[in-house]
Amino acid sequence: MPLPLPGIYLPVNEQSDTSKICVVMVGLPARGKSLIAGKAMRYLGWVGIPARVFNVGNYRRSNTPQPQATFFDPHNEEGERMRRAAAQAAMTDMLQWFKKDQGVVSILDATNSTKERRKWIAQECAAAGIETLFVESICDDEDLITNNILEVKTTSPDYKGQDPELAVSDFRKRIGNYQKVYETIGEDEKSYPYVKLINVGSTVIINQIKDYLSSRLVYYIQNLHIKPRSIWLSRHGESQYNLTGRIGGDSSISERGEAYARALPELMRKSGIPENTKIVIWTSTLRRTIQTARHLKADTGFEKLEWKALDELDSGVCDGLTYQEISEQYPEDFKARDDDKYNYRYRGGESYRDVVIRLEPIIMELERSENVIIVTHQAVLRCIYAYFMNIPQENSPWMEVPLHTLIKLTPGAYGTDEKRFKADIPAVSTWRGKGTSATHQEFPAGGH
Ligand SMILES: O=P(O)(O)OC[C@H]1O[C@@](CO)(OP(=O)(O)O)[C@@H](O)[C@@H]1O
């Protein structure tokens, strides 16, 4: 029997506090500030908090695209003037963004390396009712710095098209110029909320963090690491419910699903596992994922963990129905879900937005972890994939994530590399397009 109300919606920005925050990056060049800024923005966007990075370098480049290191010499008055103007322009745009576009978290990506500059930022923000959170990245590990310098040489527009050797030596001189005036956040700045990250989180100093949003951000930032690792994602093998087109439930895997489970250890090896690497397997608490992971054995370097948070999106009263049955028994709901699949919440169940909220601790843990394979479900996998690949909310619930396919994600400094490995084992398709109740077709080996 259809109930009188279609699915329940949450407000678009489900936040418990109303603070607006400017995250102010602090640190010498090549200390990973832009990397932290980019990741924090992706994380905030994923949890539905409007966030934007304001990179002062981009404002400076509009006037001085490829300056030499001398431009950054503190005694170069013209250089100083132009850099101050760039900071001012970034600040103006940022304040406008808070005011006009309902921004919630801005990230001011620049060296902000003097007390005087930080004081100015704190005052401008306070006058506009915006809180500041200073994030200082300190790094004295020469290997880390050299890696960052090499990264900058190949990615920064400041050195595009230039001789790589000359670019590195100019960039080192630029860092030297900043070192002449750089002041770490000091005792006299204790009234600011700040976090100091020393050598990418090996030591973390936290000061005056009070509100909920800042604490979440600090917790996220302090968990980041840059050790090379991969994350493997797989749906469970084809299930009995998948075979009959039913959603939800806790059915076992089918014969072909079992074949996939048996093939998974080899598929993992084929995807490339660095030698002597321990891999942790995360499954949901539902039968189909546990069965799929059962041949990844401890004696071959795998360790297992079951997470309730990885259980499939709860389809409430629709659990156990086919899409066809839902469209007949709950036509309004069926339409409402198609109209806004991310926000639609099943009666007595969940929406994609709800799933993202319960996956937040998973993402935090993933950021802290090294090599992990996650064996989970269609909707949950879409949400995790969307975090890594920066997929917008309106697209993520419609993504195709075929059965019997292993996805290997390898996060890098400026993006995540993706490779897919299909097992040669046929499976039904559970993917449904907008406006239709049909799925459930046979696809050739390896899904589609
Ligand atoms: O959000 P949609 O596209 O309906 O996909 C989620 C559905 O995927 C399914 C399969 O149709 O997951 P699962 O792979 O765990 O079996 C359903 O159980 C679940 O409701």
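This is a predicted model: local features need pLDDT of at least 70, side-chain atom pairs count only at pLDDT 80 or more; totals for chains, interfaces and linings use all residues.
The UniProt annotation "active site", taken from an unreviewed entry, covers H236 and E312. Although these positions span 77 residues in sequence, no two of their C-alpha atoms are more than 10.9 Å apart, so they gather at one spot. H236 is placed in the loop that runs between β7 (231-235) and α8 (240-244), whereas E312 belongs to the loop between β9 (302-306) and α11 (323-329). H236 is classed as buried because 30 C-beta neighbours lie inside 10 Å, the threshold for this class being 20 or more. E312, with 24 other C-beta atoms within 10 Å, is buried by the same criterion. When neighbours within four places in sequence are left aside, the contacts of H236 are I253, G257, R288, T289, T292, V375 and H377. For E312, with residues up to four places away in sequence not counted, the contacts are G248, S284, L286, H377, A379 and V380.

G237 is found, like H236, in the loop between β7 and α8, and it counts as buried because it has 30 C-beta neighbours inside 10 Å. Y241 lies in helix α8 and is buried, with 21 other C-beta atoms within 10 Å. Leaving aside its neighbours within four places in sequence, Y241 is in contact with R246, G249 and S251.

The shell around the ligand consists of 15 residues, of which I247, H377, Q378, A379 and T430 are the closest. Helices α8 and α14 (378-389) each contribute at least two residues to this shell. By residue type, the shell divides into five nonpolar, seven polar and three charged residues.

Helix α14 additionally packs against α13 (residues 352-368), at an angle of about 65 degrees and with the axes 10 Å apart. The crossing of α13 past α14 is right-handed. On the α13 side the contact is formed by Y352, V355, V356, L359 and I363, which meet A379, V380, C383, I384 and Y387 in α14. The residues of this contact divide into ten nonpolar, no polar and no charged.

Two asparagines have positive phi values. N199, in the loop between β5 (194-198) and β6 (203-207), has a phi near 50 degrees, a positive value in a residue other than glycine. Because N199 has 13 C-beta neighbours inside 10 Å, it counts as partly exposed. N276 is located in the loop between α9 (255-271) and β8 (279-283), and its phi is positive, at about 55 degrees, although it is not a glycine. With 6 C-beta neighbours inside 10 Å, N276 counts as exposed.

Helix α9 also contains M268, which is buried, with 22 other C-beta atoms within 10 Å. Its contacts, not counting residues up to four places away in sequence, are W232, I273, I373 and L406. From C-alpha to C-alpha, M268 and D143 are 31 Å apart in space, and 125 residues separate them in sequence.

How values were computed
Residues are numbered from 1 along each chain as its sequence is written. UniProt positions are given in the numbering used here, feature names are shortened, and annotations may be inferred rather than shown by experiment. Helices (H or I, at least four residues) and strands (E, at least two) are DSSP runs, numbered from the N terminus. A residue is buried if 20 or more other C-beta atoms lie within 10 Å of its own, exposed if 12 or fewer, and partly exposed in between; C-beta atoms are placed from the backbone. Two residues are in contact if their C-beta atoms, placed from the backbone, lie within 7 Å. A residue is near a molecule or strand if its C-beta atom, placed from the backbone, lies within 6 Å of it. Ala, Val, Leu, Ile, Met, Phe, Trp, Tyr, Cys and Pro count as nonpolar, Asp, Glu, Lys and Arg as charged, and the others, Gly among them, as polar. Axes are lines fitted to C-alpha atoms, for helices over the stretch in contact, and angles run from 0 to 180 degrees between N-to-C directions. A crossing is left-handed if the near helix is turned anticlockwise from the far one by less than a right angle, and right-handed if clockwise.
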